[in-house]
Amino acid sequence: MQNTRFFKLQTTQAPLLRFTQQRSFSGSPADDEVLRALDEIKDEKGKTLQELGMLHSLNVKPSEGLIAIKLNLTTDYRKVKTLIQNKLQERIHWAQKLEIGMAPAPQQAKGTHALKKGLQKVKNIIAVSSCKGGVGKSTVAVNLAYSIATLYQDYSVGIFDADLYGPSLPTMINPVNTQLFQDENDPSMIAPIEFNGVKAMSYGFAAQNSANGKAAIMRGPIASNLVTQLIGNTNWGELDFLIVDFPPGTGDIQLTLGQEVALKAAVIVTTPQKLAYVDVIKGIEMFDQLKVPTIAVIENMSYYKCGTCDTKHKIFGQGYTNQIKNDFGIKSSFEVPILEDIASMSDSGTPFVLTLPETTELVQVYHTIAHKVLHEVSLLDKRLPRPEVSFDPKSGLIVLNQNGQVIKKVNPYELRLACRCAGCIDEFDGRKILKTENVPKDVHPTNIHTKGNYAVAMVWSDGHKSSIYPFERILGSEIKDQK
C-alpha cells in the first residue's frame, strides 16, 4: 500500500522554522506571519510543511493582499494545497489573493536529463487527457495522431501510450511486428514501433514481449518513474508532434509526467454527463498547475443519428460544451457522434480515420479537430501573457494588469451581476436566476485565482464562491471599463 502522509490541523503555534531549501522571500514581518500560519499545518508525526520539505518559495505583498506560494511536487500536493488555502483564509485577514501552485521542475527535467534524451528532437508534445475512464480518450488520441499525419504529410508524428495499468495502443493499432529492439544508432535507447507512418510506443508492447504479458501492478511512484523512463528512452528522432495518451485521473503519474515532460498543450476528453463535466474542471486545473494550456475539449458520445433522419439525438443530455466555453474561454470544443464503427475499428487495430471514407461525418469531425488543435498550438507562442487580476481596496475596483500596464478597471458590483455560473444562470434555458436585490452594492472579491489559461475565478464578499470569468469576456465590451 502506498505510504501517504495524513495531515491534521493544530491550533497551537509551532516555533518559526525557515525553509529547508534556498530562501526566496525577504523575511519581513508579513512573511513571518504567513509562515507561522503555515506551521500550524502538521502531519500525524507533528512535522511542519517546512520540515517535510514541501515549501519551495514564498512571495508576500501585503499592500496588494497577495500571498504566492510554490510547493514541491509530492503525492500529497493537492491535499496540502487545500489545507494551505483554508488556513491562510482563516488566519491572514488581509489576504485577498492566494496563488498556490506547483514549483517548476528541476533544471535537469527540462530536456537535458538522460531520461529525456529521446525527446530532445520533438518539437510539440500534446497531452490527451481525461479525469475518468471510459470516455474514449485513447480513441481520440490515436485518431488525432493519424488525422494530423494524414492531413499534414510533411509533419512527422508519434503517439505514446502512458497508461501502465490498462494500455490501449496495442489493441488500437496492429503493426506487423510488435517486438521491441535497441535502437541501431544508440543501443541505450528503444526503437519505436511504426504503423502507417506514425511512431508508437506503449508499455503494452513491452508486456507482450515479457514472459507472462500481464498488466502492471505497481505503486504510484514506481509507475511514475517507469512512464517517464519509457517516453524518455524511446528514440523518437525528429518529430513535429508527439501525442501523449495520458492515463485517466489526476494522480501521481499525471503530475509527474506533466512536470518532467515539456508539454506544449492539452486536449481534454469528456462525455455529456454532469459528472464528466466536473472531471473536466479537475483536468483543466491540473494542467493549470503544470502551466500547460488546455486548448480544446472533445465531448465523446455526444449525439446519435439514426439511419432514417439527420436529427441529432442527445441520448445522454445536452452536454456542457457551451458551459465550458463560457466558464473557461476555451473556444475549441467538439462533439463526436456515437457510431458503431468507432468501437469495431478500434478493436480491430485500425484507426477509423484511415479506413472510413474522408466524406464520413466522423472523419470530418476528427479532421476539424486536428486542424483546430494545430492552429491553437501555432498561436501559443504569439499569445500575450494572461492578465494579472487584483482588487484595489482604495479605489474599490478590480484591476487587470498585463506586462506591467493597467489595461482595464472593473466595477465589482457589475462583474458580480455578470456571473454565469449555475447558481446565477439556469444551465438549461439560460434564464437569469440571480436576484439582483440580494447582491449588496459594495460587494467585492475576497479571493481571486486563475482558472486554466483563459479565465479567472472569484470568491465574493456576499458568500458566492462559483464565479468564473474568461479573460476575453472581462476585457470585452460587455463589462465596462472604469479607467
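Helices α3 and α12 are roughly perpendicular to each other, because their axes cross at roughly 75 degrees and angles of 65 to 115 degrees count as roughly perpendicular. The two axes, of α3 (residues 137–151) and α12 (residues 361–380), come within 9 Å. On the α3 side, the contact is made by Thr139, Val140, Asn143, Leu144, Ser147, Ile148 and Leu151. Helix α12 contributes Tyr366, His367, Ile369, Ala370, His371 and Leu374 to this contact. By residue type, the contact of α3 with α12 comprises eight nonpolar and five polar residues, with no charged ones.

The structure described here is a predicted model. Its protein chain has 14 helices and 19 strands. Of the 483 residues in the chain, 51% count as buried. Among contacts in the chain with a separation of 6 or more, 69% are accounted for by residues 24 or more positions apart.

**Nonpolar cores**

The largest nonpolar core has 112 residues. Within this core, the residues with the most contacts are Ile84, Leu88, Phe160, Leu242 and Phe287. Helix α12 gives the most to the core, with ten residues. Leaving aside residues up to four places away in sequence, Phe287 touches Ala127, Ser129, Phe246, Leu263, Ala266, Ile268, Val292 and Thr294. Another core lies apart from the largest one and has 24 residues, including Cys424, Ile425, Trp460 and Ile479.

**The sheet of β14, β15 and β16**

Three strands form an open sheet in the order β14-β15-β16, and their pairing is antiparallel. Strands β14 (388–392) and β16 (405–410) are the edge strands, each pairing on one side only. On average, and with direction ignored, neighbouring strands of this sheet are turned by 30 degrees against each other. Strands β14 and β15 form a hairpin with four residues between them, and Gly396 in the turn has a positive phi of about 75 degrees.

In a regular strand, side chains alternate between the two faces of the sheet. In β14, Val389 and Phe391 make up the covered face, whereas Glu388, Ser390 and Asp392 make up the uncovered one.

**Strand β9 and its partners**

Strand β9 (residues 198–202) is largely enclosed by the rest of the structure, because five of its five residues are buried. Val198, Ala200 and Ser202 point one way from β9, and Lys199 and Met201 point the other way; all are buried. Strand β9 pairs with β7 (residues 157–161) in the parallel sense and with β8 (residues 193–195) in the antiparallel sense. The hairpin of β8 and β9 has two residues between the strands, and Asn196 there takes a positive phi near 50 degrees.

The table below sets out the strand pairings of both regions, with a pair of bridge partners for each.

| Strands | Sense | Bridges | Bridge partners |
|---|---|---|---|
| β14 and β15 | antiparallel | five bridges | Val389 and Leu400 |
| β15 and β16 | antiparallel | five bridges | Gln402 and Gln405 |
| β7 and β9 | parallel | four bridges | Gly158 and Lys199 |
| β8 and β9 | antiparallel | three bridges | Phe195 and Val198 |

Note on methods:
Residues numbered from 1 in each chain as written. Predicted model: local features only at pLDDT ≥ 70, side-chain atom pairs only at ≥ 80, totals over all residues. Heavy atoms only, no water. Axes fitted to C-alpha atoms, helices over the stretch in contact; angles between N-to-C directions. Parallel < 35°, antiparallel > 145°, perpendicular 65-115°, else oblique. Contact = heavy atoms within 4.5 Å. Nonpolar A, V, L, I, M, F, W, Y, C, P; charged D, E, K, R; others polar. Pairing = 2+ DSSP bridges. Core = buried A, V, L, I, M, F, W, Y, C linked by side-chain atoms within 4.5 Å. Buried < 20%, exposed > 50% of the residue type's maximum accessible area, 1.4 Å probe, protein only.
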